[in-house]
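Trainee: Could you pick one part of this model, take a close look at it with me, and then carry on from there?

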Amino acid sequence: MKFKIEALDPKSKARAGEVTTDHGVIETPIFMPVGTMGTVKGVHQRELKEDINPDIILSNTYHLYLRPKTDVLEAAGGLHKFMNWDKPILTDSGGYQVYSLSGRRKIKEEGVKFKSHIDGSYHFFSPESVMEIQRKIGADIIMAFDECTPYPCDYNYAKRSMHMTHRWLNRCINHLEKTPEIYDYKQTFFPIVQGSTYTDLRKQSAEYIANAGAEGNAIGGLSVGEPAEEMYAMTDVVCSILPEDKPRYLMGVGTPINILENIALGVDMFDCVMPTRNARNGMLFTSEGHINIKNKKWEKDFSPVDPAGITWVDTEYSKAYLRHLFVSNEFLGKQIATIHNLGFYLWLVREARKHILAGDFREWKDRMVKQMDNRL
């Protein structure tokens, strides 16, 4: 993997860059649609590629390990071939899923024993096994196995967890050195900064991760319920320490406003289920604010879903028709909303990139944040 910075915003820490992988170039800042199980919910790969057109998508080690299982993926030649996707993929290591299975897992130094949410069967993840699983999945960017702490989190627990995450990181790196790629392209490894919302822990972790010398770095353990201002404060601390010449990935974030504010702090890569999950519940994100399309006020509004026309669905259908689909529980409504929201998120980060390159990102960002806070 190669990373180069093309422009820096003069009034913020925002940067426009380019990540080159064996499956293509990723222009940053970028948003990665979440395809947890090798599918972005409700969207065909053709629509994803041609209409939404992300440079990279995200999938998940925990879910793919359970279904379809790694032997199926390996027999298919890796996830790219299995799902017919020829652009870059990043896999989350499963640390967040382990966090979310609080009643179904037991964390020890060796790793994590957990019960499958599918059938209750027991499984064990260690840093070593997670590296092997991600080798078999074959993502272009693979993540270290970490523990994602909850919010709020006791200081001493956060500290112990952070140090264990660092020890797990060393085991990940050592095992990767013994485990060559399975397919005919290179994989890039990102470690993860932890430390909850404690400034001193975040500094320690960012320094430890920076010293690991990986080709890119991630920030985990945020967007887990903490106030937005705490998220921004921790991101700012970490970005001031992580190497400037390597991409920075803020995991699981977030709202359009969260994304813009974190771009301004120096983050390059984002993922979140919000655009797809909210779409299935009838919430649309637009440049003028957010819309609950199920509200009665749209019943006779025959204007386009979004006059900006970011994706083809925005002008192909009216708000009244989309509301009708949701009220009638027609799945087409969820598909339209999903394409719109993902298209909007990709439009947003690409507009941010344009303004960074033009040198007026800060002014544009401040204006957009105010607009997107509107409830239409």
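**From the hairpin to the rings**

Mentor: Let's start with Ala-7, which stands opposite Ala-16 in β2. Strands here are DSSP runs of E, at least two residues long, and helices are runs of H or I, at least four, both numbered from the N terminus. Before going on: this is a predicted model, where local features need pLDDT of at least 70 and side-chain atom pairs count only at pLDDT 80 or more, while totals for chains, interfaces and linings use all residues. Residues are numbered from 1 along each chain as its sequence is written, and side-chain values use heavy atoms, leaving out hydrogens and water.

Now for the rings. The structure holds 14 aromatic pairs, meaning Phe, Tyr or Trp rings (six-membered ring for Trp) with centres within 6.5 Å; planes under 30 degrees apart are stacked, over 60 edge-to-face, and the rest tilted. Take Phe-125 and Phe-145, an edge-to-face pair at 6.1 Å centre to centre and 85 degrees between the planes. Phe-125 is in strand β9 (residues 122-125) and Phe-145 in the loop between β10 (141-143) and α7 (155-178), so the pair ties together parts 20 residues apart in sequence. Both Phe-125 and Phe-145 are buried, where buried means under 20% relative accessible area, exposed over 50%, and partly exposed in between (1.4 Å probe, protein chains only). These two also belong to one aromatic cluster with Tyr-62, Tyr-65, Phe-114 and Trp-168.

Phe-361 and Trp-364 make a tilted pair, 6.1 Å centre to centre with 45 degrees between the planes. Both lie in helix α15 (residues 361-372), 3 residues apart, about one turn of the helix. An α-helix has 3.6 residues a turn, so residues three or four places apart point the same way. Phe-361 is buried at a relative accessible area of 0%, and Trp-364 is buried at 4%.

What about the cysteines? The count comes to 0 disulfides, taking a disulfide as two cysteine sulfur atoms within 2.5 Å. Cys-172 has its closest cysteine sulfur in Cys-148, 15 Å away, too far for a bond. For Cys-239 the closest is also in Cys-148, at 17 Å, again too far. Cys-172 is buried, at 0% relative accessible area, and Cys-239 is buried too, at 5%.

Methods
Two strands pair if DSSP finds at least two bridges between them.
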